[in-house]
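Colleague: I am new to this structure. Could you walk me through reading its features?

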Amino acid sequence: MPTKRPLSKRLWRYYLRAAERMVKVFRIINITFLVGSTAVVLVLISLFTPLFSQAVVYVLTRLPLPNAASSAISSPPTAYVVLGGGLTNDNNNQIVLNSYSLNRAQTAAAAYHDLPLPIVLSGAEAPWLGQWLLEHDIDGLISENASMNTCENARFTAKRVPLHHVYLITDRYHMPRARRQFALNGIKSTALNAPLPVKRDWMEPAQNLTHSRRAVYEIAAYLRDIIRPQNNCRDAKEVSTEQLLTPRGKAQKTNE
C-alpha cells in the first residue's frame with residue numbers, strides 16, 4: 001500500500017503549481033497591456049498623419065448599401081444632389097456659405113459644365129447654394145430648404161422630386177452615410193466627392209488632425225444610424241411641400 005506524501009509536501013506542490021499559473025496570467029496581462037498600449041500610441045500618432053483618415057475612408061466606402069429598386073439600378077443618374085455643409089458670416093456679418101458648402105457648390109458647378117443635369121439643393125443652405133450657382137451662370141436648380149440633417153436630406157429630397165439615381169455631392173467622409181440614407185429612401189447614388197477645406201499633408205499635422213476628427217465623427221454617426229437612428233429626423237409626412245419650398249431667413253447650424 002503506497003504511503004501518502006506528507007501534508008507539507010502536498011501543500012508545497014500545490015503552491016508551486018498555483019504560482020506557475022499566476023506567473024503565466026501575469027505574463028499574458030503584461031503582453032496584452034504592451035500590445036494594447038502600443039496600438040493606442042500608434043493610433044494616436046496616426047491621427048496626426050494622413051494614414052488614419054485614409055484608412056477610415058477605405059473602410060466606410062466598402063460598407064454595403066441597402067438594395068436599390070430595379071428601376072434605380074438600370075437608370076443612369078438624372079440629377080445632381082448637393083448636400084449643404086453649413087453657413088457662416090462674413091466680415092460684414094452677412095450670411096454666406098462656409099468652406100464646406102462652397103466646395104460642394106464648386107464641385108457641382110464643375111460637374112454641371114461637363115454634363116448639364118438638374119441640380120437639387122438640399123438643406124437650410126439651399127438658398128445660398130442656389131445664389132452662388134446662379135452667379136456662376138448655372139440654372140436648372142431645384143431647392144429643398146427644410147432638411148436639417150442627413151436623414152432629412154434624403155427623405156425630403158425624395159419627397160421634393162421623384163428620383164431613381166443621382167450624382168450625390170458631399171465630402172468623402174460624409175458620403176458613405178449619405179449614400180446609405182438615400183438608398184433607404186429608394187434613391188441610388190453615384191458619389192461625387194467635394195474636397196475638404198484643408199488638404200491632407202504629411203508635413204501638416206494640424207491639417208491631418210482636422211481630417212481625423214471628421215473621420216471619427218463619421219464613424220460614430222454611421223454606427224448611430226445603424227444601432228439607434230437619430231430621433232430628430234422628421235418623417236416626410238410631417239413637412240409640407242410649402243415648407244420644402246420656403247427659404248430660411250437666418251443661418252441655421254446644421255448637424256449632418
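**Helix contacts**

Modeller: Start with a contact between two helices. In α6, Thr-150, Cys-151, Asn-153, Ala-154 and Thr-157 meet Arg-177, Ala-178, Gln-181 and Phe-182 of α7. Contact means heavy atoms within 4.5 Å. Helices (H or I, at least four residues) and strands (E, at least two) are DSSP runs, numbered from the N terminus.

Colleague: What kinds of residues make up the contact of α6 with α7?

Modeller: They divide into four nonpolar, four polar and one charged. Ala, Val, Leu, Ile, Met, Phe, Trp, Tyr, Cys and Pro count as nonpolar; Asp, Glu, Lys and Arg count as charged; the others, Gly among them, count as polar.

Colleague: What should I know about the model itself?

Modeller: This is a predicted model: local features need pLDDT of at least 70, side-chain atom pairs count only at pLDDT 80 or more, and totals for chains, interfaces and linings use all residues. Residues are numbered from 1 along each chain as its sequence is written, and side-chain values use heavy atoms, with hydrogens and water left out.

Colleague: At roughly what angle do the axes of α6 and α7 cross?

Modeller: Axes are lines fitted to C-alpha atoms, for helices over the stretch in contact, and angles run from 0 to 180 degrees between N-to-C directions. Here the axes of α6 and α7 (residues 175-184) cross at roughly 35° and come within 8 Å.

Colleague: Is the crossing of α6 and α7 left-handed or right-handed?

Modeller: A crossing is left-handed if the near helix is turned anticlockwise from the far one by less than a right angle, and right-handed if clockwise. The crossing of α6 and α7 is right-handed.

Colleague: Which residues of α6 are buried?

Modeller: Buried means under 20% relative accessible area, exposed over 50%, partly exposed in between (1.4 Å probe, protein chains only). In α6 the buried residues are Thr-150, Cys-151, Glu-152, Asn-153, Ala-154, Phe-156 and Thr-157. Their cover includes β1 (80-83), β4 (119-122), β5 (141-144), α7 and α9.

Colleague: Which residue caps the N-terminal end of α6?

Modeller: Asn-149 does. One of its side-chain oxygens lies 3.3 Å from the backbone nitrogen of Cys-151.

**Salt bridges**

Colleague: How many salt bridges does the structure hold?

Modeller: A salt bridge is a side-chain nitrogen of Lys or Arg within 4 Å of a carboxyl oxygen of Asp or Glu. The structure holds seven. One of them joins Arg-234 and Glu-152, at 2.8 Å from N to O. That pair links distant parts of the chain, 82 residues apart: Arg-234 is in the loop between α8 (205-227) and α9 (241-245), and Glu-152 is in α6 (residues 150-160).

Colleague: Why does Glu-152 count as buried?

Modeller: Glu-152 counts as buried because its relative accessibility is 1%. Arg-234 has 25%, so it counts as partly exposed.

Colleague: Where is there a salt bridge inside one helix?

Modeller: Look at Arg-214 and Glu-218, whose closest N and O atoms are 3.9 Å apart. They are four residues apart in helix α8, so about one helical turn separates them. Arg-214 and Glu-218 are both buried.

Colleague: What about Asp-225 and Arg-224?

Modeller: Their side chains meet in a salt bridge of 2.9 Å, N to O. Salt bridges that share partners join Arg-104, Asp-171, Arg-177, Arg-214, Glu-218, Arg-224 and Asp-225 into one network. Asp-225 counts as buried at 6% relative accessibility. Arg-224, at 24%, counts as partly exposed.

Colleague: What do the buried residues of α5 pack against?

Modeller: They pack against β1, β2 (87-89), β3 (95-97), α4 (99-114), β4 and β5. The buried residues of α5 (residues 126-135) are Ala-126, Trp-128, Leu-129, Gly-130, Trp-132 and Leu-133. Gln-131 also lies in α5, but it is partly exposed, with a relative accessible area of 43%.

Colleague: How should I read a positive phi?

Modeller: Most residues other than glycine have a negative phi. Asp-137 is not a glycine, yet it has a positive phi of about 60°. Asp-137 sits in the loop between α5 and β5, and counts as exposed at 69% relative accessibility. Asn-93 has a positive phi of about 65°. Its place is in the loop between β2 and β3, and Asn-93 counts as exposed at 59%.

Notes: Polar contact = N/O pair within 3.5 Å; in protein donor to acceptor, adjacent residues only side chain to side chain.
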